[in-house]
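This report concerns side-chain contacts. Please view the sequence and the structure together before reading on.

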Amino acid sequence: MELFGGLMVMLWMIGFFLTVIWFVLPFVIFSIKGRVEEILHRIDIIESRLNSIEKQVTGTRPEL
């Protein structure tokens, strides 16, 4: 019976940690998603500015 009691304690501990991870993980995922979208938006702005500068340097008309 002692083996069964130790097994139940181990299962309880694993269940507790999985529950904590289950509640924390969505906040982490959505936080990362927002940051990635913001960085992607900034990269698009920088790319368009670089294209404009490149067009000016080569002497062609920049696209808007």
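## Aromatic side chains

In this predicted model, Phe16 counts as partly exposed, at 45% relative accessibility. The rings of Phe16 and Phe17 form an edge-to-face pair, because their planes stand at 65°, with the ring centres 5.8 Å apart.

A search of the whole structure finds two aromatic pairs. One of them joins Trp12 and Phe16 in a stacked arrangement, with 5.8 Å from centre to centre and 10° between the planes. Trp12 and Phe16 are four residues apart in helix 1, so about one helical turn separates them. Trp12 is exposed, and its relative accessible area is 61%. Through these ring pairs, Trp12, Phe16 and Phe17 are linked into a cluster.

## The salt bridge

How many salt bridges does the count give? The count comes to one salt bridge. The side chains of Glu38 and Arg42 meet in a salt bridge, with a distance of 2.9 Å from N to O.

Glu38 and Arg42 both belong to helix 1, which covers residues 2-58. Because they are four residues apart in this helix, about one helical turn lies between Glu38 and Arg42. Glu38 has a relative accessible area of 41% and is therefore partly exposed, a class that lies between the limits of 20% and 50%.

Definitions and conventions:
Residues numbered from 1 in each chain as written. Predicted model: local features only at pLDDT ≥ 70, side-chain atom pairs only at ≥ 80, totals over all residues. Heavy atoms only, no water. Salt bridge = Lys/Arg side-chain N within 4 Å of Asp/Glu carboxyl O. Helix = DSSP H or I, 4+ residues; strand = E, 2+ residues; numbered from the N terminus. Buried < 20%, exposed > 50% of the residue type's maximum accessible area, 1.4 Å probe, protein only. Phe/Tyr/Trp six-rings, centres within 6.5 Å; stacked < 30°, edge-to-face > 60°.
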